Amino acid sequence: MAVISFKCPNCDGELIFDPSSGKYKCEYCLSKFTQQELDALTPASGMERPAGGADGNTVPSDTAGTDDANGERAADGEEAVIYSCPSCGAEIVTDATTAATFCYYCHNPVVLGGRLEGNYLPNKIIPFQIDKKEAEKRFLAYVKKKKFVPKAFFNKRQITMLSGVYFPYWMYDAAFRGSIQAEAKNIRVWRRGDKEYTETKYYHVEREGEVDLNHLAENALQKANKQLVEGVLPYQFDTMKDFTMGYLSGFTAEKRDIEKEALAESMQGEMQNYAKSLMRETISGYSSVNVKNNRLTVAKDTWNYVLLPVWTLTYKAQNGKLYYYSMNGQTGKVCGELPIDYKKLSLVSGIVAAVTLGLGLLGGFLI
Amino acid sequence: MIRQMRLKKTCLAMMVGLFAFFCGMTDPVWALQAGEAEGIYDYAKLLTEEEALELAGELSELAAKSGWEIFVLTTEDAKGSSAREYSEAFLDGHLIGDDGIVYTIDMDNREVYLATTGDAIYYLTDNRIEDVIDEGYDYVVDGAYKAAFSGMITATGTAYDKGIPSDQYTYDEDTGKIVRYQEPKSVKWYEVLVALALACGAFLAVFLGVLGKYRLKWDAYKYDFHANGRVDVTNQEDRLVNQLVTHRHIQRNTSSGSSHSSGSRSSVHTGSGGRSYGGGGRKF
């Protein structure tokens with residue numbers, strides 16, 4: 001089951017996931033199906049073979065579930081891999097990390113199931129909740145809201161590419177156990193007659209407990225622009241769903257090529273610091289606190305490999321320069337570099353400076 | 001008709017002549033004295049011509065520095081008024097602006113007097129007037145009038161250089177009202193510098209703020225550990241280990257509040273001309 005295409009039982013057209021309704025939609029007969037209904041169907045399958053595979057090492061994909069060898073090869077394969085489209089039989093060339101795409105010829109959505117099985121089976125997924133039209137609208141609204149973007153920048157026609165991509169992330173949850181010891185002071189000052197009294201109380205403070213931290217996410221795809229992909233965080237992680245291939249139909253998806261071992265140290269360190277901060281914050285009500293010891297050990301941690309929805313957008317400015325944006329497919333949060341109208345920015349900065357100068361001089365006059 | 005016109009002409013000529021005569025009469029001595037030595041009104045003829053010229057130089061120097069109108073006045077006949085009244089009447093008659101002082105040696109009342117008005121009141125507090133009189137008094141007693149005036153003028157210059165005392169206040173002897181001196185509102189050069197620095201800061205803050213935000217230099221996503229974290233404290237201890245009380249004596253600020261130190265008081269009263277005057281003198 002390496003290459004999957006979800007077919008409509010009514011007309012044999014392609015079913016794609018519809019973010020606005022959360023159902024599967026046939027674009028031809030407009031039928032809609034729920035997840036349960038889709039699960040009952042048998043998706044059409046194609047074939048996979050490595051590009052230029054002279055040994056003809058093709059793997060039939062009519063078996064349910066992929067064998068490990070298939071999954072491994074996809075993982076190791078640095079080169080492009082060729083699939084055949086289940087709808088038209090044409091060859092589909094993809095990157096080694098592509099997990100869902102469209103056939104170049106018939107434009108039907110295909111999910112490369114083999115890429116997301118075994119080790120690479122995502123634990124969780126957040127399906128797209130913003131569809132293409134909405135994404136476009138939200139992007140334009142976002143740009144319009146930005147006051148220092150040149151006026152000529154707002155034009156729907158300049159959106160040259162807008163595609164929904166499920167990006168792979170590593171998500172780390174950790175539970176810590178530990179304790180914190182500190183010396184704290186409370187100072188009280190009062191006057192009686194012509195004397196000023198200062199009372200200093202010294203405390204030994206100790207806290208013991210557990211800290212739970214969830215949903216620290218980090219990019220797991222080397223070729224992704226880390227800034228754009230992490231810039232759309234956070235997601236509403238409590239709406240995460242168990243992974244099903246169907247969600248990928250109609251979108252592009254990438255599988256991870258960064259393993260958790262590469263991120264573990266930095267993410268664990270980061271989490272530890274957050275946990276210490278939280279522990280420190282349990283000490284309150286003192287004038288000053290001097291932490292003597294703050295020790296936390298990981299009691300339990302969980303790594304989740306998740307696919308998160310991102311709209312990637314390429315925008316061609318009128319001077320021909322390309323701008324890249326990413327948008328959170330769930331919340332609509334946009335991230336990306338914006339062009340700046342320097343004249344306007346200078347003018348506004350100048351006005352602010354002039355007002356500040358005026359107020360400063362007025363203040364100087366009144367003092 | 002012609003005779004009538006002639007008569008009118010004669011009348012007019014006589015009136016002009018009379019007016020000229022009276023004008024000359026009203027100020028004959030002063031005009032004579034003030035001719036060369038400006039600001040010196042030596043009616044008692046205590047100064048020689050050279051002395052008067054020298055004093056005039058000293059006066060104009062102090063006048064240029066302080067911006068006040070400054071006079072030296074001597075009299076043999078105060079016309080029944082006190083030295084203070086005589087000095088103030090003189091100032092009323094001679095001041096063009098608001099700020100001025102006059103050093104008077106009144107041979108009639110045998111008193112040396114310094115009258116102040118306008119801004120000079122703030123600079124020449126009661127104590128400072130005493131200091132100024134001190135500088136001239138002994139010379140007056142000895143009859144060295146030029147030296148007396150010179151000493152007083154120098155002492156006034158010193159007082160002016162010290163500026164207005166920070167705790168200067170004006171005490172109105174007629175009403176008992178006390179008015180604290182308040183600097184005229186103005187923008188100082190360092191205030192301009194601070195305002196300029198703030199303005200530059202504001203410019204950069206806005207400019208770089210927007211630039212950085214649009215270029216994704218900051219404003220990046222930061223994991224919100226408060227929203228994603230939960231602390232469960234199972235054991236908690238806050239033990240008081242020591243307690244310390246110290247005290248210190250509070251210095252009462254005696255100069256503040258309703259009590260005013262007499263050191264920086266300028267006593268004033270309203271002169272007969274309606275002007276507010278300060279001043280002081282000493283009999284010899």
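Q: Before we start, what counts as a helix or a strand here?
A: Helices are DSSP runs of H or I with at least four residues, strands are DSSP runs of E with at least two, and both are numbered from the N terminus. Keep in mind that this is a predicted model.

Q: How do the strands of chain B line up in the open sheet?
A: Eight strands make up that open sheet, and in chain B their order is β1-β2-β3-β4-β9-β8-β5-β6. The pairing is mixed.

Q: Which strands stand at the edges?
A: Those are β1 (40-42) and β6 (178-180) of chain B. Each has a single partner strand, so one side of each has no neighbour in the sheet.

Q: And how much are neighbouring strands turned against each other?
A: On average by 25°, if you ignore direction.

Q: Let's zoom in on β1(B). In what sense does it pair with β2(B), and over how many bridges?
A: β1(B) pairs with β2 (residues 69-75) of chain B in the parallel sense, over three bridges. Tyr41(B), for example, sits opposite Leu73(B) in β2(B).

Q: Switching to helices: at what angle do α6(B) and α7(B) pack?
A: Helix α6 (residues 126-142) and helix α7 (residues 145-162) of chain B pack at about 160°, and their axes are 7 Å apart. Angles over 145 degrees count as roughly antiparallel, so that is what α6(B) and α7(B) are to each other. The crossing of α6(B) past α7(B) is right-handed.

Q: Which residues make that contact?
A: From α6(B), they include Val132(B), Tyr139(B) and Val140(B). From α7(B), they include Phe149(B), Met152(B) and Ala155(B). By class, the contact of α6(B) with α7(B) has 10 nonpolar, four polar and three charged residues.

Q: What about α3(B) and α7(B), how do their axes cross?
A: Helix α3 (residues 49-66) of chain B crosses α7(B) at roughly 10°, with the axes coming within 10 Å. That makes α3(B) roughly parallel to α7(B). Among the residues in contact are Leu55(B), Leu59(B) and Leu62(B) of α3(B), along with Phe149(B), Ile153(B) and Tyr160(B) of α7(B). Sorted by class, this contact of α3(B) with α7(B) has six nonpolar, four polar and four charged residues.

Q: How much of chain B counts as buried?
A: Of its 284 residues, 28%.

Q: Then take Lys45(B): is it buried or exposed?
A: Lys45(B) counts as exposed, because it has 12 C-beta neighbours inside 10 Å and the cut-off for exposed is 12 or fewer. Lys45(B) is in the loop between β1 and α3 of chain B. It also has a positive phi of about 55°, although it is not a glycine.

Q: And where is Arg110(B)?
A: Arg110(B) is in the loop between β3 (100-106) and β4 (111-117) of chain B. Its phi is positive too, about 50°, and Arg110(B) is not a glycine. With 12 C-beta neighbours inside 10 Å, Arg110(B) counts as exposed.

Q: New topic: how many residues does each chain put into the contact between chains A and B?
A: Chain A gives 51 residues and chain B gives 49. On the chain A side, β12(A) gives the most, with 22 residues. The chain A side divides into 23 nonpolar, 15 polar and 13 charged residues.

Q: Which strand of chain B does β12(A) join?
A: That is β7 (residues 229-249) of chain B, which runs antiparallel to β12(A), with 19 bridges joining them. Glu196(A) stands opposite Arg248(B) in β7(B).

Q: Staying in chain A, what does β15(A) join up with?
A: One partner is β11 (residues 159-192) of chain A, which runs antiparallel to β15(A), with 26 bridges between them. There, Ser179(A) stands opposite Arg295(A). β15(A) also pairs with β16 (residues 322-328) of chain A, in the antiparallel sense over seven bridges. The hairpin of β15(A) and β16(A) has five residues between the strands, and Gly320(A) in that hairpin takes a positive phi near 90°.

Q: Last one: which residues does the cis peptide bond join?
A: Leu233(A) and Pro234(A), with omega about 0°. Pro234(A) is in the loop between α4 and β13 (241-242) of chain A.

Technical notes. Residues numbered from 1 in each chain as written. Chains lettered and ligands numbered in written order. Predicted model: local features only at pLDDT ≥ 70, side-chain atom pairs only at ≥ 80, totals over all residues. Axes fitted to C-alpha atoms, helices over the stretch in contact; angles between N-to-C directions. Parallel < 35°, antiparallel > 145°, perpendicular 65-115°, else oblique. Left-handed = near helix turned anticlockwise from the far one by under 90°. Contact = placed C-beta atoms within 7 Å. Nonpolar A, V, L, I, M, F, W, Y, C, P; charged D, E, K, R; others polar. Pairing = 2+ DSSP bridges. Buried ≥ 20, exposed ≤ 12 C-beta atoms within 10 Å, placed from the backbone.
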